[in-house]
Amino acid sequence: MASRLCFTFTILLMSLSCLPCQAQLSSTFYDRTCPSALSTIRGAISAAVSREQRMAASLIRLHFHDCFVRGCDGSVLLDDTSSMNGEKNSLSNANSLRGFDVIENVKVGGPSWAVKLGRRDCLTASRDLADQNLPRFTNSLSELTSSFSSKNLNQRDLVAPLGWSTYIGQAKCFSFRDRVNSNASDIDPELARSLREDLPCPADGSGNANLAPFDALTPNTFDNSYFRNLVDRKGLIP
Ligand code: HEM
């Protein structure tokens, strides 16, 4: 029962905000109505991350993709129905967004930092809005900047979370195939060769699901090498 009541709270744990509901948010929102919510969520997340470290990154992304489409309302969790194309199968999410199983198997634990709670769960979801709102690896910098700016977020808000959230994350060959096969000038030729031949992510379209770390230099270490890699032309996706 606790898991049914609390499963959508997990997605609220991190701090992107939903402006229309902010006035009613509070870090003690569930203290009376669902006192074990936060401990339940922390336990489930700790267990999932100790099973697979990358899950920390996957959950941050799941949360980001929920919040970027009409706010942090859990809409990304909804399955398609006969009358609704939800967000799970949108361009940026299909076969890529992960962590749904963690959210559905919440069991025991506690929070690690105070987050204002109380956002209402959404009853509907929209694939069209997800396709329009979520960033794609094919977007230009000016498209990304204006997408973030439409949500009152600036370039700093765009760049900083990329560095701290991708230090542990991975991307599929699908999203960097063109980059490593096109002799692009903004990628280190040795990195491109290794992703083509060792991974492999060749031009023939095979290996779509093969994964590479965003931070090839020091994967799984929380440091600034994501940004240093970019300066050295060792970024993974365009
Ligand atoms: C703004 C432009 C962005 C673009 C174009 C972008 C694109 C992508 C792509 C293509 C992937 C790989 C997905 C796959 O291969 O399945 C990815 C993964 C990831 N993204 Fe983004 N992203 C952006 C912003 C962000 C932001 C702001 C955050 C943090 C809030 C974030 C967090 C992550 C994380 C943690 C992963 C790794 C997920 C995992 O390993 O499961 N991204 N992103």
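At 27% relative accessibility, glutamate 52 counts as partly exposed, a class that lies between buried (under 20% relative accessible area) and exposed (over 50%), with a 1.4 Å probe and protein chains only as cover. The structure is a predicted model in which local features need pLDDT of at least 70 and side-chain atom pairs count only at pLDDT 80 or more, while totals for chains, interfaces and linings use all residues. Residues are numbered from 1 along each chain as its sequence is written, and side-chain values use heavy atoms, with hydrogens and water left out.

The side chain of glutamate 52 meets that of arginine 98 in a salt bridge, 3.0 Å from N to O; the term requires a side-chain nitrogen of Lys or Arg within 4 Å of a carboxyl oxygen of Asp or Glu. Glutamate 52 sits in the loop between α2 (37-51) and α3, and arginine 98 in the loop between α3 and α4 (100-104), so this pair ties together parts that are 46 residues apart in sequence. Arginine 98 is likewise partly exposed, at 23% relative accessibility.

Across the whole structure, seven salt bridges are found. One of them joins aspartate 79 to lysine 88, with the closest N and O atoms 2.5 Å apart; here lysine 88 counts as buried, at 18% relative accessibility. Another links arginine 193 with glutamate 190, at 2.9 Å between the closest N and O atoms. These two residues are three apart in helix α9 (residues 189-197) and are therefore separated by about one helical turn. Arginine 193 is partly exposed at 26%, and glutamate 190 is partly exposed at 44%. Salt bridges with shared partners join Glu190, Arg193, Glu197 and Asp198 into one network.

The overall fold provides the setting for these pairs. The protein has 10 helices and two strands, taken as DSSP runs numbered from the N terminus (H or I, at least four residues, for helices; E, at least two, for strands). Their order from the N terminus is α-α-α-α-α-α-α-β-α-α-β-α. Of the 238 residues, 40% count as buried.

Turning to the ligand, 23 residues surround it, the closest being Arg54, Ser58, Ser96, Gln170 and Lys172; a residue is counted if one of its heavy atoms lies within 4 Å. A polar side-chain atom of arginine 54 is 2.7 Å from a ligand oxygen atom. For serine 58, an N or O atom of the side chain is 2.6 Å from an oxygen atom of the ligand. Glutamine 170 takes part through its backbone, with an N or O atom 2.9 Å from a ligand oxygen. The elements giving two or more residues to this shell are α3 (55-67), α6 (141-149), α7 and β1 (170-172).

Asparagine 133 is buried, with a relative accessible area of 17%. Its side chain and that of lysine 151 are joined by a polar contact of 2.7 Å, the term denoting a pair of N or O atoms within 3.5 Å; within protein, one must be able to donate a hydrogen and the other to accept it, and residues adjacent in sequence count only if both atoms are side-chain atoms.

Finally, helix α7 (residues 155-165) contains valine 159, which is partly exposed at 39% relative accessible area.
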